[in-house]
There are 2 protein chains.
Amino acid sequence: MDEQLVFFNGQILPLSQVRISPDDRGFNFADGVYEVLRFYKGQLFFASQHLERLKRSLAELKINYPEVNAVNNIIENLLEVNNLQQTDGLAYIQITRGDFPRIHQFPPANTPPTVYINVKEWKAFDLTKSQSIKAITFSDMRWGRCDIKSIALLPNIMSFQNALEHGAGEAIFIRDGVITEGSRTNIFGVKNGIVYTHPFSNSILPGITRQIVLDICEKENLKVLLFPIAESAISSFDEFFLTGTSPEISGICQINALKIGNGETGPITRFLQQEFEKLKAK
Amino acid sequence: MDEQLVFFNGQILPLSQVRISPDDRGFNFADGVYEVLRFYKGQLFFASQHLERLKRSLAELKINYPEVNAVNNIIENLLEVNNLQQTDGLAYIQITRGDFPRIHQFPPANTPPTVYINVKEWKAFDLTKSQSIKAITFSDMRWGRCDIKSIALLPNIMSFQNALEHGAGEAIFIRDGVITEGSRTNIFGVKNGIVYTHPFSNSILPGITRQIVLDICEKENLKVLLFPIAESAISSFDEFFLTGTSPEISGICQINALKIGNGETGPITRFLQQEFEKLKAK
């Protein structure tokens with residue numbers, strides 16, 4: 001197999017030739033943002049929505065990347081040079097405030113951002129749609145701007161790892177007594193035919209797949225309440241599911257010791273999965 | 001001037017030859033820890049305390065670096081090869097969970113950590129002891145484990161930059177109505193001759209200079225209350241100062257619009273600075 005070709009600061013080159021500086025602000029300070037996109041049979045999925053979110057993240061952190069609109073073209077170039085144009089996979093974009101000797105304050109305004117993009121074939125996942133997953137709740141110890149898709153993911157990975165080590169496939173965060181979201185996903189509940197999820201706020205990422213689900217619900221006349229689910233109300237719900245770019249839509253069969261519904265992916269979750277498949281096939 | 005020599009994964013080499021992988025977990029996830037040490041005339045200052053804190057940070061994040069006890073020897077080697085043995089400066093240590101294709105879960109246990117160490121001459125600072133600095137309060141939006149010296153510093157740098165842009169030299173964080181610490185320092189107040197600072201908890205870093213100050217207070221019979229200072233009580237204090245490895249001990253002359261004391265470094269702060277100088281000279 002040929003070596004993976006990636007994009008780094010204006011060039012397409014083999015992965016092993018990318019040199020991130022030890023002074024990169026992404027490496028020293030988590031001072032950067034990222035996006036993950038899916039492509040199905042080489043076609044980028046909801047790419048403009050990811051691009052808009054990327055721009056918002058950059059703006060919130062005041063990272064200046066004037067060429068940001070070229071990102072999706074770069075991904076398409078990478079699909080071509082890596083011969084992935086008929087493949088399902090993931091594209092990863094990371095942009096940091098650049099390479100500058102370590103100081104807390106922003107580097108000079110003319111410091112170029114570090115831009116890194118890769119694409120890879122990707123199908124399998126630990127959260128497969130064919131089976132529902134277990135989740136464990138954790139106190140949401142993340143910072144106050146979870147709406148920004150920053151690379152400051154340490155609390156996320158620590159909670160996700162902790163969940164894995166306890167036999168679960170996702171960590172669900174509880175803040176002020178309500179479910180905010182998962183360590184890498186948004187969380188939905190279904191009760192009496194109504195779909196609930198946390199409203200957009202600083203406490204959750206505005207997930208692209210979350211929005212796709214909300215749009216499906218609107219189109220299919222499924223009632224939605226953008227209202228946080230109290231931890232104490234979890235047992236009263238009929239279904240739970242998670243959404244994310246990588247896991248798409250996955251049922252949750254158990255939260256902590258509590259079996260959800262009959263322990264299998266619920267009917268509304270399955271319906272949403274089927275509608276999502278139609279979008280992928282378009 | 002010769003190029004700076006640094007330590008990277010077992011080797012001493014020129015800075016420009018260090019290649020951090022774009023798959024490094026420090027770059028993707030802020031999955032790492034760091035330390036900053038001072039050296040005065042080539043002598044490491046409170047090095048064993050920094051090493052102990054480094055070990056604690058690694059343990060809290062479950063990062064395995066068996067050779068951690070060699071870190072201070074490595075720094076001394078770097079001082080020698082960089083000809084800094086008679087110089088004042090800073091040593092920087094960063095250890096991440098290593099280089100592994102991006103997944104949220106921990107990489108396999110045999111993945112070696114990434115270890116990067118540099119030393120450099122350093123004297124001047126924006127927070128000099130000769131003058132006191134202004135500070136601005138910000139809502140503490142950081143995550144819940146500020147006791148771990150992790151590289152997930154995005155909230156810190158955003159607040160510090162914001163403070164700088166408003167003419168201040170430090171951001172002071174307020175959580176649940178009390179001062180926790182600064183964006184890169186611990187914060188102390190003095191009232192009626194009593195020194196106050198936030199007790200050790202998950203909300204503050206156990207600062208080495210903070211502990212040096214507490215030890216000086218004990219030795220010199222200055223009364224200390226490890227009790228958080230309420231934001232509403234700031235105006236009742238006579239002095240404020242900050243402590244940190246880089247700024248050492250610096251008076252705070254103003255918090256937001258409020259002048260502290262007579263607007264100059266207060267007498268107890270000056271006394272502590274003098275005692276600190278004696279320790280440096282040892």
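The dialogue below goes from the pairing of the chains to single residues.

Q: What kind of model is this?
A: This is a predicted model. Local features are taken from residues with pLDDT of at least 70.

Q: By what turn and shift can chain B be laid on chain A?
A: Start with the general idea. Two copies of a chain are related by a rotation about an axis and a shift along it. Here the turn is 180 degrees and the shift along the axis is 0.0 Å. Chain B then lies on chain A with an RMSD of 0.0 Å. That is the relation of a two-fold axis. The same surface serves both copies, as 100% of the contact residues of chain B recur in chain A.

Q: How many residues of chain B are in contact with chain A, and what area is buried between the chains?
A: Count residues, then look at area. On the chain B side, 50 residues are in contact with 50 residues of chain A. About 4400 Å² is buried between the two chains. Carbon and sulfur atoms give 65% of that area. In chain B, the residues that lose the most area to chain A are B:F27, B:H104 and B:L154. Together they make up 18% of what that side buries.

Q: How many bridges join strand 1 to strand 2 of chain B?
A: Strand 1 (residues 5-8) and strand 2 of chain B run antiparallel and are joined by 4 bridges. B:F8 stands opposite B:Q11 of strand 2. B:L5 has B:P14 of strand 2 as its bridge partner. The hairpin of these two strands has 2 residues between the strands. There, B:N9 takes a positive phi near 45 degrees.

Q: Which residues touch the most other members of the largest nonpolar core?
A: That core has 98 residues, and A:I75 and B:I75 touch the most other members. Take the chain A copy. Beyond its neighbours within four places in sequence, A:I75 is in contact with A:L37, A:L44, A:A91, A:I93, A:I117 and A:V119.

Q: How far from A:I75 is A:S250, in sequence and in space?
A: The two are 175 residues apart in sequence and 26 Å apart in space, C-alpha to C-alpha. A:S250 lies in strand 14 (residues 248-255) of chain A. A:S250 counts as buried because its relative accessibility is 0%.

Q: Is A:S132 buried or exposed?
A: Use the cut-off: buried means under 20% relative accessible area. A:S132 has 14%, so A:S132 is buried. A:S132 sits in the loop between strand 6 (114-121) and strand 7 (133-139) of chain A. Leaving out residues up to four places away in sequence, A:S132 touches A:G251, A:I252, A:C253, A:G263, A:E264 and A:T265.

Q: What is phi in A:N221 and in B:F46?
A: Most residues other than glycine have a negative phi, and most peptide bonds are trans. A:N221 has a positive phi of about 55 degrees although it is not a glycine. A:N221 is in the loop between helix 5 (208-219) and strand 12 (224-226) of chain A. At a relative accessible area of 72%, A:N221 is exposed. B:F46 has a positive phi near 50 degrees. B:F46 is in the loop between strand 4 and helix 2 (47-61) of chain B. B:F46 counts as partly exposed, at 24% relative accessibility.

Q: In which sense do strand 7 and strand 8 of chain B pair, parallel or antiparallel?
A: They pair in the parallel sense over 5 bridges. B:S139 stands opposite B:I174 in strand 8. In strand 8 (residues 170-175) of chain B, 5 of the 6 residues are buried.

Note on methods. Residues are numbered from 1 along each chain as its sequence is written. Chains are lettered from A and ligands numbered from 1 in the order in which they are written. This is a predicted model: local features need pLDDT of at least 70, side-chain atom pairs count only at pLDDT 80 or more; totals for chains, interfaces and linings use all residues. Side-chain values use heavy atoms; hydrogens and water are left out. Two strands pair if DSSP finds at least two bridges between them. Copies are superposed by least squares on the C-alpha atoms of residues with pLDDT of at least 70 in both. Contact means heavy atoms within 4.5 Å. A nonpolar core is a set of buried Ala, Val, Leu, Ile, Met, Phe, Trp, Tyr and Cys residues joined through side-chain atoms within 4.5 Å. Buried means under 20% relative accessible area, exposed over 50%, partly exposed in between (1.4 Å probe, protein chains only). Buried area is the accessible area (1.4 Å probe) that two parts lose on being put together, summed over both.
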